[in-house]
Amino acid sequence: MARKIVVIGAGPGGYAAAVHAAGLGAEVTIIERDKVGGTCLNRGCIPSKVMITTAGMLDGFHRAAEFGIAVEGRIRPDLRQLTARREKVIGDQAKGLHDLFDRHGITYMSGMGILSRPGVAAVRAADGATREVRWDRLILAPGTQPFEFPAFPFDGERILSSDDALRLTEVPQSVLIVGGGVIGCEFAFILASLGSRVTVLEALDRVLPLPSVDEDCSRVLQREMKKRKIGFLPKRTVENVEYADGKLHVATGPSPLARELTQKDKERLFIDVEKMLICVGRKPDTEGLGLENLAVPLDDRGWIVAGDRMETAVSGVFAVGDALGPSKIMLAHVASAEGMVAAENAMSGNRTMAYDAVPGAIFTAPEVACVGLTEAQARERGFAVRAESVLFRTVGKAQVLGEIAGEAKIVSEEANGRIIGVHIIGPHATELIAEGTLAVRMRLTVRDLAETIHAHPTLAEIIPEVAFRSLPKAPES
Ligand code: FAD
């Protein structure tokens, strides 16, 4: 008899696990309480990139004259049409997922999955009717919700979560984005392109203050934000918010997380805005799931704990995706990769998840992308490294496109040229990083990339350019 696998949550972690397990011969049921595709398809990657596409086209139209196009009349965003397009893209993708489930004989159950007792999951439908499904192996992929400040909770009107920001029906005149991480920065560029006056407030001292993002990328992005008149308030936190006269009056002060505060950093600063968008992280979406009934362990912040085989401490119970928290990497493609590892191990395989060659893609303007160690991380870990960069302005195709801001950096081991990190900020960085990911994963050297012929004229030529610059210097004769 086929092994019964139940998957809870149909985001990228859950659906990848379900399809892979079915492909390996399991009898799979996937339970989803909301909509197929999870955060990624409905409230994350896809709708935000639909908005970014529109924002990028608007930017292009504003530069039309430079490219020899005369535009007459006013160019303005139409959020109704943007919404319609977003829904169409999401609808088509959702249909594709349901077709995939059908093709693999996967049972899709709509309702809240509740772990009532070992070996059994209850599914409570919207009308309250409950059914039970038996499992031999369980894969948990419940994802996350936006983190909310208790002092100023989301109201969907003035204090927005990223879910709310994706559903805006009008362009706000002014927005304070709290949190200069990936989601905050992506929204900063979207809203600025749509016509909002945007300020980003960040508790640490740089935009994108993630360990995986090289400081040079943050520096260039900050410069590009300034060019677009996006305000940036580093080392600050929100102390108080009041609503009066049709505006939010926001009091900001020094962040307890920031170091080396100057007198100016320590001063209170007030800002009036129409809306605030809170992008300060996510929290696990495990309430009501019944993890306690199986004694699935959580860490002290409520994230599910699983090892690199994706199995929890409870034998036969696996967990994947964002619900594992920031100690793993919270990205859609990581969730899917973990889902596949969990599926294989649930079918008696023995795979471990490798996190050392995971690309990160940030869809700002210009884009940022990274894989492997930053220069700072490599030095901290004791590597003798070579870090070389090339500016996009030296690449012919970047000049042709009129997208010359940014650079590409390769971090390699001094002794043998092995590539341990690639960091790109510039046009199509999120596509270009694929070559860097392969290089890090396959332990290629700078010579391998320098000697690989790249088509001309392409943006990808920047990679062999940096690699060439990273080659050991020939000894002087
Ligand atoms: P989710 O996608 O959150 O899916 C979990 C699903 O489980 C949900 O559908 C939920 O309804 C369901 N669920 C929860 N509990 C239950 C239950 N008890 N019973 C039944 N169903 C349940 N990542 C990228 O890689 N690239 C990007 O460009 C990117 N952009 C983003 C932009 C935004 C604005 C946001 C918010 C996120 C973005 N992300 C991006 C992150 C990405 O969305 C997540 O990493 C990814 O969705 C995680 O997948 P998951 O399967 O773990 O969880």
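## An enclosed strand

Because five of the five residues of strand β10 (residues 174-178) are buried, this strand is largely enclosed by the rest of the structure; buried here means under 20% relative accessible area, exposed means over 50%, and partly exposed lies in between, with a 1.4 Å probe and protein chains only. Helices (H or I, at least four residues) and strands (E, at least two) are DSSP runs, numbered from the N terminus. S174, L176 and V178 point one way from β10, while V175 and I177 point the other way, and all are buried.

Strand β10 runs parallel to β11 (residues 197-201), to which five bridges join it, and two strands are taken to pair if DSSP finds at least two bridges between them.

## Basis of the model

The model is predicted, so that local features need pLDDT of at least 70 and side-chain atom pairs count only at pLDDT 80 or more, whereas totals for chains, interfaces and linings use all residues. Residues are numbered from 1 along each chain as its sequence is written, and side-chain values use heavy atoms, with hydrogens and water left out.

## Overall build

The secondary structure of the protein comprises 15 helices and 23 strands, and 49% of its 477 residues count as buried. The radius of gyration is 24 Å, which agrees with the value near 23 Å that a compact globule of 477 residues would have; this radius is taken over C-alpha atoms, and the globule rule is 2.2 Å times the number of residues to the power 0.38.

Of the contacts (heavy atoms within 4.5 Å) between residues at least 6 apart in sequence, 62% join residues at least 24 apart.

## Cis peptide bonds

Another cis peptide bond joins H456 and P457, where omega is about -10°, and P457 lies in the loop between α14 (446-450) and α15 (462-470).

## Positive phi angles outside glycine

D245, although not a glycine, has a positive phi of about 55°; the residue sits in the loop between β13 (236-244) and β14 (247-254), and at 75% relative accessibility D245 counts as exposed.

M310 is likewise not a glycine and has a positive phi of about 70°, and its place is in the loop between α9 (291-294) and β18 (317-319). With a relative accessible area of 0%, M310 is buried.
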